Amino acid sequence: MVLIGLMGSGKSTLGRQLASQAFFSGSFVDLDGLIVKEAGKSIPNIFAEEGEAVFRTLESICLAEVLQSSSEQVVATGGGAILSATNRVLMKEKGAVIWLDASPEILAERISGDKNRPLLNGVDPLEKMITLTKQRNPLYAEIADLRIDTGVLSDKEAVAKIMGFLSDYDA
Ligand code: S3P
């Protein structure tokens with residue numbers, strides 16, 4: 001199962017909670033974490049030293065690598081992983097795609113002050129989230145099997161809803 005959605009939508013937090021369900025036997029991959037491990041440097045440093053295009057290439061390579069696995073796993077992607085059409089096809093082919101969504105106001109509040117997200121450098125978080133919402137929501141919607149509003153649901157409710165959906169999906 002792949003989690004998609006903007007920065008601050010809860011992909012890593014809910015991803016860990018979902019992976020702890022018996023169905024996934026703890027199998028969780030945080031795509032950003034894998035990129036950092038493979039690049040040997042932090043995301044801000046990849047952006048600063050090599051640029052966003054190199055980051056996007058690494059992101060696509062790591063995604064393809066992770067999605068090769070045939071075992072049940074929860075993959076939390078970075079917010080921009082859906083920008084590549086190839087990535088979108090891969091995710092869609094691989095099984096359930098869950099879109100975690102919340103209003104730009106809520107997302108901006110959750111991520112403001114975060115130094116680990118280079119796209120927020122020197123910009124107003126709310127304006128950025130409004131722009132990204134407009135640009136990316138059509139792409140999230142294009143591949144999502146289920147949209148979850150993490151601005152409204154508690155973590156527990158979101159996990160229950162996703163697990164309920166998966167039990168029908170796999171049946
Ligand atoms: C990005 C989101 C980040 C990370 C990078 C770029 C984006 O991941 O991949 O900073 O383009 O939205 P999170 O969505 O986990 O913050």
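Reader: Let's start with α5: which residues on its other side are exposed?

Author: T86 and E93 are exposed there. Exposed means over 50% relative accessible area, buried means under 20%, and partly exposed is in between (1.4 Å probe, protein chains only). Helices are DSSP runs of H or I with at least four residues, strands are runs of E with at least two, and both are numbered from the N terminus.

Reader: And before we go on, what am I looking at?

Author: It's a predicted model, where local features need pLDDT of at least 70 and side-chain atom pairs count only at pLDDT 80 or more, while totals for chains, interfaces and linings use all residues. Residues are numbered from 1 along each chain as its sequence is written, and side-chain values use heavy atoms, with hydrogens and water left out.

Reader: Back to the helix, then. Which residues of α5 are buried?

Author: N87, R88 and M91 are buried in α5, which covers residues 85–94. Their arc around the axis is only 100°, so they sit on the same side of α5; the arc is that of the directions from the helix axis to the C-beta atoms.

Reader: What do those buried residues pack against?

Author: They pack against β1, α4 (52–66), β4 (97–101) and α7 (125–143). Contact here means heavy atoms within 4.5 Å.

Reader: How many helices and strands does the chain have?

Author: There are eight helices and five strands. Reading from the N terminus, you get β-α-β-α-α-α-β-α-β-α-α-β-α. The chain's radius of gyration is 15 Å, close to the 16 Å that the globule rule gives for 171 residues, so it is as compact as a globular protein of that length. That radius is taken over C-alpha atoms, and the rule is 2.2 Å times the number of residues to the power 0.38.

Reader: What share of the contacts joins residues 24 or more positions apart?

Author: Such pairs account for 74% of the contacts with a separation of 6 or more. As for burial, 43% of the 171 residues are buried.

Reader: Let's zoom in on S9. Is S9 buried or exposed?

Author: S9 is buried, with a relative accessible area of 1%. You'll find S9 in the loop between β1 (2–4) and α1 (11–19). Not counting residues up to four places away in sequence, S9 touches L100, D101, L107, R110 and T150.

Reader: Where does S12 lie, and what does S12 contact beyond four places in sequence?

Author: S12 lies in helix α1 and is partly exposed, at a relative accessible area of 29%. Beyond those neighbours, S12 is in contact with F28, D30 and A76. S12 and F28 are 16 residues apart in sequence, and their C-alpha atoms are 9.2 Å apart in space.

Reader: How should I read a backbone phi, and what is the phi of S25?

Author: Most residues other than glycine have a negative phi. S25 isn't a glycine, yet has a positive phi of about 40°. S25 is in the loop between α1 and β2 (28–30), and is exposed, with a relative accessible area of 65%.

Reader: One more loop: where is G122?

Author: G122 is in the loop between α6 (104–111) and α7. G122 is exposed, with a relative accessible area of 86%. The C-alpha atoms of G122 and G40 are separated by 25 Å, and the two residues are 82 residues apart along the chain.
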